Amino acid sequence: MSVADEPIDPNELPPCVECGACCNFADPRYAMVLAEDSERLLPEDEPLTHWTSGRCFMRVVDDHCAALNEIEGMSWCTIYERRPQGCRDAARGGPDCLAGLKRRAQRLAMGT
Ligand code: SF4
Ligand code: SF4
């Protein structure tokens, strides 16, 4: 079994500020922005979102959410106070967290 195939232990999560894996995704329809989410966003946040098939999502840049900042091993959401409800509902240690960590492990195993 490769490292990427090993299950993620929810009791051994990295600090979120050193992780950001749940905000790393390539699917441009991954993080939906609902109408009530849009009301929280500021006009200057608009370039961080995109529309497809009549629905709004967070834009993807370099395989991560456009609102994610990653600098020198630290990562943070630049619109944390205004982030979409789906991001608010994604609990540390929950399915989205574990799926993000799994994606990261697979990417690292592939050297990408
Ligand atoms: S919630 Fe999970 S995947 Fe997201 S930053 Fe925290 S530890 Fe990483
Ligand atoms: S809006 Fe923030 S919390 Fe949501 S996916 Fe993007 S960077 Fe992560």
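1. Strand β3 (residues 55-58) runs antiparallel to β1 and is joined to β1 by two bridges. One such pairing partner is Cys56 in β3, which bridges to Val33. Strands here are DSSP runs of E of at least two residues, numbered from the N terminus, and two strands pair if DSSP finds at least two bridges between them.

2. This is a predicted model, in which local features need pLDDT of at least 70 and side-chain atom pairs count only at pLDDT 80 or more, while totals for chains, interfaces and linings use all residues. Residues are numbered from 1 along each chain as its sequence is written, and chains are lettered from A and ligands numbered from 1 in the order in which they are written.

3. The three strands form an open sheet in the order β1-β3-β2, with antiparallel pairing. The edge strands, each pairing on one side only, are β1 (32-33) and β2 (49-52).

4. Met58 is in contact (C-beta atoms, placed from the backbone, within 7 Å) with Ala31, Val33, Leu48, Thr49, Cys65, Ala66, Ala67 and Pro84, leaving aside neighbours within four places in sequence.

5. The shell around ligand 2 includes Met58, Ala31, Cys65, Ala67 and Pro84; a residue belongs to such a shell if its C-beta atom, placed from the backbone, lies within 6 Å of the molecule. By class, this shell has ten nonpolar, no polar and one charged residues. Nonpolar covers Ala, Val, Leu, Ile, Met, Phe, Trp, Tyr, Cys and Pro; charged covers Asp, Glu, Lys and Arg; the others, Gly among them, are polar.

6. Around ligand 1 lie residues including Leu13, Cys16, Arg92 and Gly100. That shell divides into eight nonpolar, two polar and one charged.

Methods
Helices (H or I, at least four residues) and strands (E, at least two) are DSSP runs, numbered from the N terminus. Two residues are in contact if their C-beta atoms, placed from the backbone, lie within 7 Å.
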